[in-house]
Amino acid sequence: MDYPSDTMSSEIILSHSSSSPPPPPLPPTVVMTPCAACKILRRRCAEKCVLAPYFPPNDPLKFTTAHRVFGASNIIKFLQELPEAQRADAVSSMVYEANARLRDPVYGCAGAICQLQKQISELQAQLAKAQAEVVNMQCQQTNLMTLLCMEMAQAPPQQLYPISLDDNTQGSLWDPLWT
């Protein structure tokens with residue numbers, strides 16, 4: 001069989017390539033997205049970025065709010081001074097205070113706290129009033145029961161229960177309750 005050299009070489013290459021194993025896949029490239037703080041500050045997010053654990057890239061509003069009120073350098077300094085166990089709570093507090101400051105620039109959280117204390121005082125007064133009304137109703141009920149007992153003690157027995165206890169009138173025991 002005489003094959004042209006081009007055809008034979010292509011057949012050899014095809015058969016050779018189909019019998020060899022495919023090349024190993026490339027290792028997955030790890031693309032680290034910068035934290036929300038570094039994105040907003042337009043800087044490279046370092047491997048040990050102090051802000052990254054607390055300001056994830058999918059929640060940029062959290063950092064924007066805190067940054068607007070406290071500033072990035074103050075947030076970083078504050079977090080570096082704290083032990084790692086307290087940093088998450090500190091960030092939550094900073095974000096809460098920043099939101100309160102944006103709503104009420106003069107009083108911030110203190111204004112919200114005063115308003116809540118006022119509501120507590122009003123609700124405590126309403127509760128005390130309701131409890132006094134309950135005690136008053138219990139006293140009225142006790143007085144009413146005392147009067148009923150005194151009336152029953154003074155009334156002759158036939159007037160209270162005009163029922164005969166014959167076998168024929170068992171149903172009539174309940175008649176006074178329904179009439």
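## Helix H5 and its crossing with H3

In this predicted model, the axes of helix H3 (residues 60-70) and helix H5 (residues 84-103) approach to within 8 Å and cross at roughly 70°. That angle makes H3 roughly perpendicular to H5, because angles of 65 to 115 degrees count as such. The crossing in which H3 passes H5 is left-handed.

On the H3 side the contact is formed by Lys-62, Thr-65, Ala-66, Arg-68, Val-69 and Phe-70, which meet Val-91, Met-94, Val-95, Glu-97, Ala-98, Asn-99, Arg-101 and Leu-102 of H5. Sorted by class, this contact of H3 with H5 comprises eight nonpolar, two polar and four charged residues.

The length of H5 can be checked against its residue count: at 1.5 Å a residue, its 20 residues should span 28 Å, and the end C-alpha atoms lie 29 Å apart, which agrees. The buried residues of H5 are Arg-87, Ala-90, Val-91, Met-94, Val-95, Glu-97, Ala-98 and Ala-100, and they pack against H3, helix H4 (72-81) and helix H6 (109-154). As background, an α-helix has 3.6 residues a turn, so residues three or four places apart point the same way.

| Helix | Residues |
|---|---|
| H2 | residues 36-41 |
| H3 | residues 60-70 |
| H4 | residues 72-81 |
| H5 | residues 84-103 |
| H6 | residues 109-154 |

Conventions. Residues are numbered from 1 along each chain as its sequence is written. This is a predicted model: local features need pLDDT of at least 70, side-chain atom pairs count only at pLDDT 80 or more; totals for chains, interfaces and linings use all residues. Side-chain values use heavy atoms; hydrogens and water are left out. Axes are lines fitted to C-alpha atoms, for helices over the stretch in contact, and angles run from 0 to 180 degrees between N-to-C directions. Helices (H or I, at least four residues) and strands (E, at least two) are DSSP runs, numbered from the N terminus. Angles under 35 degrees count as roughly parallel, over 145 as roughly antiparallel, 65 to 115 as roughly perpendicular and the rest as oblique. A crossing is left-handed if the near helix is turned anticlockwise from the far one by less than a right angle, and right-handed if clockwise. Contact means heavy atoms within 4.5 Å. Ala, Val, Leu, Ile, Met, Phe, Trp, Tyr, Cys and Pro count as nonpolar, Asp, Glu, Lys and Arg as charged, and the others, Gly among them, as polar. The expected span of a helix is 1.5 Å times one less than its number of residues. Buried means under 20% relative accessible area, exposed over 50%, partly exposed in between (1.4 Å probe, protein chains only).
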